[in-house]
Amino acid sequence: MKSKKKMKRKRMKKGMLLAELYRLFTVRRLMTGIFLVAIIAVISVSDLISIDSINWPAELKQSICDQLQITLVFDRYKSLYVIAASICTVTTFPSDIKNHVLPYIRQRTDFDSMMNARLLAIAAYIIVTMIGGFLLAGVFLNPFMTIETRGSSLYGIFQPLMNSKAAWIYLVLMSFNLAMSIIPVCYLAAAVAILKPDEYVAVGAGFFVFYLLFYFTGSLPWILSYSSLTSEPGRSSVGEVIYHVVFFTICSLAAAKCVKAVMQKRFLNGMD
């Protein structure tokens with residue numbers, strides 16, 4: 001009997017996760033997220049785009065990796081990526097609350113399975129759209145710029161990649177690191193959106209949380225500075241790259257607990 005119950009729970013959890021993934025990964029939502037990220041990335045380096053540069057030799061062209069990396073040092077464009085991620089993810093919480101969808105979902109599964117599935121789906125969506133958006137931007141910029149970089153020594157352990165087409169791998173790592181940093185921000189924004197169910201609040205909360213983290217950790221050592229860790233995926237060693245992933249994973253888990261606590265409180269108060 002116990003084994004049957006366990007199997008049933010596993011099927012329910014798997015089914016819940018697939019339902020949330022299917023909900024976020026519709027063609028419309030996926031394309032919206034990828035195109036928004038790509039547009040922001042292209043705009044961030046638009047000053048360097050010139051029609052004349054199409055015919056320039058590769059050694060005279062700017063590097064896509066170099067220039068996109070520079071834009072991630074500053075807060076302006078990173079905050080726009082947060083907004084792009086929030087539009088199709090965080091806004092699902094106030095939408096479901098307003099439409100009274102959550103009680104029906106809870107009838108099919110338990111609270112933890114429902115929340116875990118939703119949060120995992122959001123994380124997967126952000127990672128896919130960030131990587132897809134940066135790659136799409138790279139494809140668009142490729143005629144005007146080049147993916148290779150001449151300052152490859154600045155890339156540390158990634159130096160062997162940067163003088164060839166393998167630099168696309170670094171572009172993926174750069175966007176993956178950015179996505180990992182945005183996940184906890186969107187989770188915290190979701191907590192705010194649950195307290196105040198409004199789509200505009202959901203998007204604005206992500207923007208506000210980002211700047212709180214950016215400014216309040218700006219003066220801390222790089223290992224704790226949100227602004228530093230979001231700028232690049234770590235170059236000095238493999239350990240540094242792993243540290244970035246672990247740090248943002250811990251932040252995401254902590255933020256996920258916050259979302260669950262706020263949603264649980266809402267249910268206990270009979271608000272849905």
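Analyst: A residue counts as buried under 20% relative accessible area, as exposed over 50%, and as partly exposed in between. The model is predicted.

User: Is T26 buried, exposed or partly exposed?
Analyst: T26 lies in the loop between helix 1 (2–24) and helix 2. Its relative accessibility is 29%.

User: How many helices and how many strands does the protein have?
Analyst: From the N terminus on, the elements run α-α-α-α-α-α-α-α-α-α-α-α. The count for the protein is therefore twelve helices and zero strands.

User: What is the radius of gyration of the protein, and what would a compact globule have?
Analyst: The C-alpha trace spans about 65 × 40 × 35 Å along its principal axes. For 272 residues, a compact globule would have a radius of gyration near 19 Å. That agrees with the value for the protein, which is 20 Å.

User: What percentage of the contacts between residues at least 6 apart in sequence join residues at least 24 apart?
Analyst: A contact here means heavy atoms within 4.5 Å. Among contacts between residues at least 6 apart in sequence, the share that joins residues at least 24 apart is 78%.

User: How much of the accessible surface belongs to carbon and sulfur atoms?
Analyst: Of the 272 residues, 46% count as buried. The accessible surface of the protein comes to about 13,800 Å². The part of that surface belonging to carbon and sulfur atoms is 67%.

User: How far apart are the mean positions of the positive and negative charges?
Analyst: The protein has 28 positive and 15 negative charges. The distance between their mean positions is 17 Å.

User: Why is helix 3 described as largely enclosed by the rest of the structure?
Analyst: The buried residues of helix 3 are I64, C65, Q67, L68, Q69 and T71. Their cover includes helix 2, helix 4, helix 7 (111–141), helix 8 (159–162) and helix 9. Helix 3 is largely enclosed because the buried residues number six of its eight.

User: Which helices do the buried residues of helix 10 pack against?
Analyst: Helix 10 takes in residues 199–216 and reaches 26 Å from its first C-alpha to its last, close to the 26 Å expected. Its buried residues are A202, V203, A205, G206, V209, F210, Y211 and F214. These pack against helix 4 (75–88), helix 5 (92–98), helix 9 (167–195) and helix 11 (226–229).

User: How far apart are the end C-alpha atoms of helix 12?
Analyst: Helix 12 has 31 residues. At 1.5 Å a residue they should span 45 Å. This agrees with the distance between the end C-alpha atoms, 45 Å.

User: Is M263 buried or exposed, and which residues is M263 in contact with?
Analyst: M263 lies in helix 12 (residues 238–268), and cover for the buried residues of this helix includes helix 5, helix 6 (102–108), helix 7, helix 9 and helix 11. The relative accessible area of M263 is 0%, so M263 is buried. Leaving aside neighbours within four places in sequence, M263 is in contact with F93, L102, F111, M115 and I194.

User: Which residues does T92 touch?
Analyst: T92 has its place in helix 5. T92 is buried, with a relative accessible area of 5%. Not counting residues up to four places away in sequence, T92 touches R23, L24, R29 and R118.

User: Where is S53 found, and which residues does S53 touch?
Analyst: S53 is found in the loop between helix 2 (27–44) and helix 3 (64–71). S53 counts as buried, at 2% relative accessibility. Apart from residues up to four places away in sequence, S53 touches K61, P143 and F144.

User: What separates the C-alpha atoms of S53 and T217?
Analyst: S53 and T217 are 164 residues apart along the chain. Their C-alpha atoms are separated by 39 Å.

Terms used. Residues numbered from 1 in each chain as written. Predicted model: local features only at pLDDT ≥ 70, side-chain atom pairs only at ≥ 80, totals over all residues. Heavy atoms only, no water. Helix = DSSP H or I, 4+ residues; strand = E, 2+ residues; numbered from the N terminus. Rg over C-alpha atoms; globule rule 2.2 N^0.38 Å. Buried < 20%, exposed > 50% of the residue type's maximum accessible area, 1.4 Å probe, protein only. Areas by Shrake-Rupley, 256 points an atom, 1.4 Å probe, with all protein chains shown as cover. Lys, Arg positive; Asp, Glu negative; His and termini not counted. Charge placed at Lys NZ, Arg CZ, Asp CG, Glu CD. Expected span 1.5 Å × (residues − 1).
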